[in-house]
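Take a look at the model below. We will walk through it step by step.

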Amino acid sequence: MTATSPVLRHGLSHALFHRVMPPRLRRFSRHRVALIAAIYLALLGVIALGAPLLASAFGVTPDEQNILNRFASPGQVVTLAQAQKEQRVETWVSRSAGDAKHLARVAKANGWIPEAVSEEDAPYEILAKVDTGDLAQGVLAAAQDPSARAFGGLISSFEARHVLGTDELGRDVLARMLYGARVSLGVALLVGLCAGGVGLLVGCLSGFYGGWLDAALMRVTDALLTIPTLPLYIIFAAIDLRKIPGLNALFDGESQSVLKLVVILGGFTWMTIARVVRGAVLQVRRAEYVSAATSLGGSNTRILLSHVLPNILGPATVSVTLLMGEAMLIESGLSFLGLGIQPPVPSWGNMLQNALELVRSRPLLAVMPGVLIFSVIIAVNFIGDGLRDSFDPRVRAE
Amino acid sequence: MFRYVVRRTLLAVFVLSLVSFVSFGLMSLMPGDPVEEMRMSNPEMRPEDVVRLKALHGLDKPFPVRYANWLSDVVQGDLGYSRTYKVPVTHLLGDRLLNTAVLSLSALVLSLLIALPVGVLSALRNGGRFDYVSNLLAFGGQSVPPFWLGIMFIMVFSEHLGLFPAGGTQTLGQEHTGFAGLADRAKYMALPVLVFTVSQMAVYVRYTRGAMIEALRQDHVRTARAKGVPEWRVVFAHAFRNALIPLVTVVALALGGVFGGAIITEQVFAYQGVGKLVYESILAGDHNVAMVAFNITIGMVLLMNLLADLCYAALDPRITYA
């Protein structure tokens, strides 16, 4: 055998290539659209995580309403009315009385306001100076004193740049979309994890142990698969889970609708994953390395965890990915119907709740969240497709 | 075969009764007991009245008894009375079921008319430009939220172009008859059918393409080509017939969703179908309507599942049922 044989040479460079990059990742990255989709989703994920930072950079929050400022056009800078400003200062003073007193002393010491101003009037006086331009906002923000900085933060929040405008309650659309990304992506991710976990468990038990356990689990799976899901989701979303004893503690608080949706969607979508996993386990169980492990005296748990599980992760990942896309589709639909994520928690779906009435007057409000939902679902589907290609041995042969 | 049908039918009846039991239980968890609601809207009602009314309608009984009462009424053909519409449920359902069936079936036919040729062509041009574009469109159709697509269609076709009405089932106040009536209905149905078509067409394109590629790889197709059979005959008589088998199942399953699949689309377009009825009656706590409509939806799915399996056996003699 000579080292110059073309077959071997090809083999060598191939081996080198394999070492540089894991084969699955390489095949996945060959699927260029899937790669772009993955980068897009990663970017959105980072943006979702950094939502508070981005929102505060524009001086906006997702929940703050301002009836005087409904349907602001994109890019508009909005300043609160005088009465609104004073009201907010009043709330601040009553909430942090100590800070207000301290602020008055600091302001007089620095000569921002005359000595004669009473302690109660001091914050309003500072506000007036800032408004007239006698005192720069930067001075407050750069102050050594924490109470002055806090007050500076309050004053800077009176001016908001609404990059994408405001909605029917005067809430900033960009901030709601950013925070909505957390909810919408988070729900999809959590549903994927829940359904993936249940599906993996059921599929593994069913495929690996077989017998009556398999029969029982598969009957349940089949029965659940025949039920049309949408009416079921509507029933579940409409009922009050807190009426079921023992669950009331679980579904309390503002974000209860998020949790509820995750539980409902997770509870009725694991079946497809269970079937995929079961099929894969049945295939792997016949493999020689499994019988080798059995004859070496490996316990069932060991074989399942270290021989079967790693080899079925491929198809399982594909179906979980596709499921996340579907979860997002359902979440947005239910939230649109008013049954999913409940306001004030923003989600891309519930931002479209009033879209039908706004089609004529504010088309952008009806378009933007939908474009986000659409783009994310299509990205997830592309990734699922890319993953399938990279895990499918038949594609590998071509 | 006969025993198989009997067994499957029994199983379907069992699943349906289980589902109706569970859904009955779930609805009793929904806020708003009818007598409680009466009391809230009528301060003059005395506690004795509440007790009397609850006893009259059997609401004081435990849940299994209430379910048994409801079931025996339904089996005897008494579907109950709608609380919101103030008419017997039977009056309400007929039109709604018909409306939804017309909507779903036209969308199904339309999407098959488009998807079959596109899928076959894309399988023949596997890897080519046409395949690429149709794949991309199929991806889009599968990923777009139907409700948003509906909103966008309303925006473009009804607000800007003024081609179709934004919602409804027929022009109110004008009782068209005959052909004019049909044309009027068609105008209102166009957009919902379009939305429904786009979202299910994608699945059919992908199935047709996959099944055709699989069928074209078979040995008998190569043999037919080697014999010199004309290409169109190879494609349609040898490959397409085999590709149809999985497709028939998919279509039969889709027929099962004929009543339940269009809930969101009907809601967006205010189309008076059974899906909208299910949604509204569940939200309004109109239990009689919700229970019947919901269980018809599920019964349809179970029936079509059975038919799909039987079609499978009829089309592929290799499959037999024990």
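Predicted model: local features only at pLDDT ≥ 70, side-chain atom pairs only at ≥ 80, totals over all residues.

Residues are numbered from 1 along each chain as its sequence is written, while chains are lettered from A and ligands numbered from 1 in the order in which they are written.

Start with chain B. It has 13 helices and 0 strands. Helices are DSSP runs of H or I with at least four residues, strands are runs of E with at least two, and both are numbered from the N terminus. The C-alpha trace of chain B spans about 90 × 60 × 35 Å along its principal axes. Of its 322 residues, 35% count as buried. A residue is buried if 20 or more other C-beta atoms, placed from the backbone, lie within 10 Å of its own; 12 or fewer make it exposed, and anything in between partly exposed.

Now look at contacts. Two residues are in contact if their C-beta atoms, placed from the backbone, lie within 7 Å. Among the contacts in chain B with a separation of 6 or more, 72% join residues 24 or more positions apart.

Next, find two helices of chain B: α1 (residues 2-28) and α13 (residues 287-315). They pack at an angle of about 155 degrees, and their axes are 10 Å apart. Therefore α1(B) is roughly antiparallel to α13(B), a label for angles over 145 degrees. Here axes are lines fitted to C-alpha atoms over the stretch in contact, and angles run from 0 to 180 degrees between N-to-C directions. The contact includes Val15(B) and Leu16(B) of α1(B), and Phe294(B) and Ile298(B) of α13(B).

Zoom in on one residue. Val118(B) sits in helix α5 (residues 89-124) of chain B. Is Val118(B) buried or exposed? Val118(B) is buried, because 21 other C-beta atoms lie within 10 Å. Leaving out residues up to four places away in sequence, Val118(B) touches Ser134(B) and Val205(B). Arg96(B) is 22 residues from Val118(B) in sequence, and 33 Å from it in space, C-alpha to C-alpha.

Finally, turn to the place where the chains meet. The contact takes 34 residues from chain A and 36 residues from chain B. On the side of chain A that touches chain B, the largest share, 9 residues, comes from α18(A).

Terms used: Parallel < 35°, antiparallel > 145°, perpendicular 65-115°, else oblique.
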